[in-house]
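Here is a short report on one chain.

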Amino acid sequence: MSDYIMLRSDTETQPTPEMRRAMAEAEVGDDVSQRDPTVLRLEAIAAERVGKEAALFVPTGTMGNLASLMVHGGRGDEVILDEGAHIYINEQGGMCALAGLTPKIVPAKNGLMDPAALEAAIRTDNIHYPVPKLLCLENTHNAGGGRVIPPDLFRRYCSIARSRNLAVHLDGARIFNAAAAAGVEVTEYTREVDSVQFCLSKGLSAPVGSMVAGSREFIAQARRARKVLGGGMRQAGVIAAAGIIALEQMTDRLKEDHDHAKLLAELVKDLDCFELLYRPVETNMVFLSTEKTGRDAYTVGRELLEQGLDVTVPGKQLIRMVTNRHVTEEDIRKAGSILHAYAESVSRR
Ligand code: TLP
């Protein structure tokens, strides 16, 4: 690991020693013809875990989302997303560029839409309009500060979609974080949706991979979509072996990451030059506004790195810190001290 306190993302997590052993020993075959026993096992475990008939192993969350959207709709169809959705802002517009879908954006605060705004965004039938086909939800919500959609609100969104004949896809890149923070089984969320994408390679520490889950029919079509996107892998059991351990052993520890993020928030909440956003911190993300430092977040990010703290800069006045398995309580306290020292140096300028 690096010498920095690595708070860039939970995507930075390294495979555990047990994952590396399982990868070395994995039984493999050609997964394009569904003959890799380790991938088949991972897909069965994943489907069961989220209460769906079937699942598909994909290389990335981005591909899992795109393949799912390609099954739900085609050229010109409309997909409803909130304004901060990762699919909308962080996936290169693949839903338009590659799948021909049109986004319809709903305003959101801290990752949460007003149900009335969602309802109002769903168009009625009119020859001038695209046909609305799908609602996408994201939980936890990345650009919403790692916000958890409360289960009752989540159900409300889904029932609005259903009442207007829309399918629902969940970008559940961090759905196990959401379930851990809400204190519910993951199926409390996944049973409400037609399809879900969730990542093995973020807080769960697998080196590569995401899962898409849904009905048998849906997954058969998603498998075709994965292939046309170039995601048909061969002896993928080598990476699926780590995914099995991610699902079986790594979900129960996510609360520790959340506790660390809450501690970090507590340590920095009163700093004059950094405003803590998206309070209260619910999962593994802490966002700070850099506006009062008098410099842009890129400069702040670079200067923090010089002090040993590695963060990301998702906006001109925004830094993001994400806790993960490699970050200890001691690291969090050190990160807090680095931010305090930085704030003091700003006040002296
Ligand atoms: N998020 C990454 C970056 O792309 C920003 C991160 O560091 O948080 N959905 C959500 C909610 C995500 O946060 C991400 C990745 C994805 C999908 C895409 O997953 P990958 O990176 O596997 O394509």
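Two strands count as paired if DSSP finds at least two bridges between them. The model is predicted, and every value below is computed from it.

**The sheet**

Strand 2 and strand 8 (residues 210-214) run antiparallel and are joined by five bridges. Within this pair, Leu-56 stands opposite Val-212 of strand 8.

**Helix 8**

Which residues of helix 8 are buried? In helix 8 (residues 175-182) they are Ile-175, Phe-176, Asn-177, Ala-178 and Ala-179. Their cover includes two strands of the model, strand 6 (167-171) and strand 7 (195-199). Helices contribute as well, among them helix 2 (37-49), helix 9 (187-190), helix 11 and helix 12 (254-268). Just after helix 8 comes Gly-183, with a positive phi of about 70°.

**Helix 1 against helix 11**

Helix 11 (residues 237-249) also meets helix 1 (residues 17-25). Their axes come within 7 Å and cross at roughly 145°. The crossing is right-handed. Helix 1 brings Glu-18, Met-19, Ala-22 and Met-23 to the contact. Helix 11 brings Val-238, Ile-239, Ala-241, Ala-242, Ile-245, Ala-246 and Gln-249. By class, the contact residues divide into nine nonpolar, one polar and one charged.

**The cysteines**

How many disulfides does the model hold? The count is zero. A disulfide is a covalent bond between the sulfur atoms of two cysteines. The cut-off used here is a sulfur pair within 2.5 Å. Two cysteines are set out below.

| Cysteine | Nearest cysteine sulfur | Distance |
|---|---|---|
| Cys-96 | Cys-136 | 11 Å |
| Cys-136 | Cys-158 | 11 Å |

Cys-96 is therefore in no disulfide: the nearest cysteine sulfur is 11 Å away, and the cut-off is 2.5 Å. Cys-136 is likewise in no disulfide.

Terms used. Residues are numbered from 1 along each chain as its sequence is written. This is a predicted model: local features need pLDDT of at least 70, side-chain atom pairs count only at pLDDT 80 or more; totals for chains, interfaces and linings use all residues. Side-chain values use heavy atoms; hydrogens and water are left out. Axes are lines fitted to C-alpha atoms, for helices over the stretch in contact, and angles run from 0 to 180 degrees between N-to-C directions. Helices (H or I, at least four residues) and strands (E, at least two) are DSSP runs, numbered from the N terminus. A crossing is left-handed if the near helix is turned anticlockwise from the far one by less than a right angle, and right-handed if clockwise. Contact means heavy atoms within 4.5 Å. Ala, Val, Leu, Ile, Met, Phe, Trp, Tyr, Cys and Pro count as nonpolar, Asp, Glu, Lys and Arg as charged, and the others, Gly among them, as polar. Buried means under 20% relative accessible area, exposed over 50%, partly exposed in between (1.4 Å probe, protein chains only).
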